[in-house]
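Q: I would like to learn how to read the main features of a protein model. Could we work through one together?

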Amino acid sequence: MTSIPRRTVLLGATVAVAAGATPAMARASTAVRPLDQAHAHNDYEHDRPLLNALDNGFTSVEADVWLVGDELYVGHDGPDLTRTLRSLYLDPLRRRIRGNRQRVFRDRDAPIRLLVDVKSPEPAAYDVINKQLSAYPELITVWRNGRRFDRA
């Protein structure tokens, strides 16, 4: 097992499509075969962050984040103050799994990973990540008393 650098946070999720999903999203999710070793690097630079990756079977997605005030903004060389971790990743994931029996991919239980790469030097970014993730308990696999509880 390799160690994960302190600046990287992994968010485990299981894959499917959401309640307000469009017909195109539903078609894409049923035809997609999850690719265990596919990683979308700098995913937020795509037209449809997260959704393009999932619709193509990617099971690992990366978002670079910058702490500005008490919000996590996405961007590579600096924060894009119009795009947040919640709006591009956490909210769409929540919508997707709510319409797919708590899975990211409609017909398959496949784990996904959201790599959150903290670019800000402030240690407070980790507190904000923890606070934001706590609002999405249905997305996060947790361990309690040595037992694993899988979530989407």
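This is a predicted model: local features need pLDDT of at least 70, side-chain atom pairs count only at pLDDT 80 or more; totals for chains, interfaces and linings use all residues.

Q: Which secondary-structure elements does the protein contain, and in what order do they run from the N terminus?

A: The protein has four helices and seven strands. Read from the N terminus, their order is β-α-β-α-β-β-α-β-α-β-β.

Q: How much of the protein is buried?

A: Of its 152 residues, 47% are buried. The accessible surface is about 8,400 Å², and carbon and sulfur atoms account for 50% of that area.

Q: How should I read a nonpolar core, and which residues touch the most other members here?

A: In soluble globular proteins, nonpolar side chains tend to be buried together. Here the largest nonpolar core holds 34 residues, and Leu-72, Leu-85 and Tyr-89 touch the most other members. Elements that each supply at least two residues of this core include helix H2 (51-55), strand E3 (58-68) and helix H3 (85-98). The greatest contribution comes from H3, with six residues.

Q: Which residues does Tyr-89 contact, leaving aside neighbours within four places in sequence?

A: The contacts of Tyr-89 on that basis are Asp-43, Tyr-44, Pro-49, Leu-50, Val-61, Glu-62, Ala-63, Val-74 and Leu-114.

Q: Where is Asn-42 found, and why does Asn-42 count as buried or exposed?

A: Asn-42 lies in the loop between strand E2 (35-40) and H2. Asn-42 counts as buried because its relative accessibility is 12%, and the cut-off for buried is under 20%. With neighbours within four places in sequence set aside, Asn-42 is in contact with Glu-62, Asp-64 and His-76.

Methods
Residues are numbered from 1 along each chain as its sequence is written. Side-chain values use heavy atoms; hydrogens and water are left out. Buried means under 20% relative accessible area, exposed over 50%, partly exposed in between (1.4 Å probe, protein chains only). Accessible areas come from the Shrake-Rupley method with a 1.4 Å probe; for residues, only the protein chains shown count as cover. A nonpolar core is a set of buried Ala, Val, Leu, Ile, Met, Phe, Trp, Tyr and Cys residues joined through side-chain atoms within 4.5 Å. Contact means heavy atoms within 4.5 Å.
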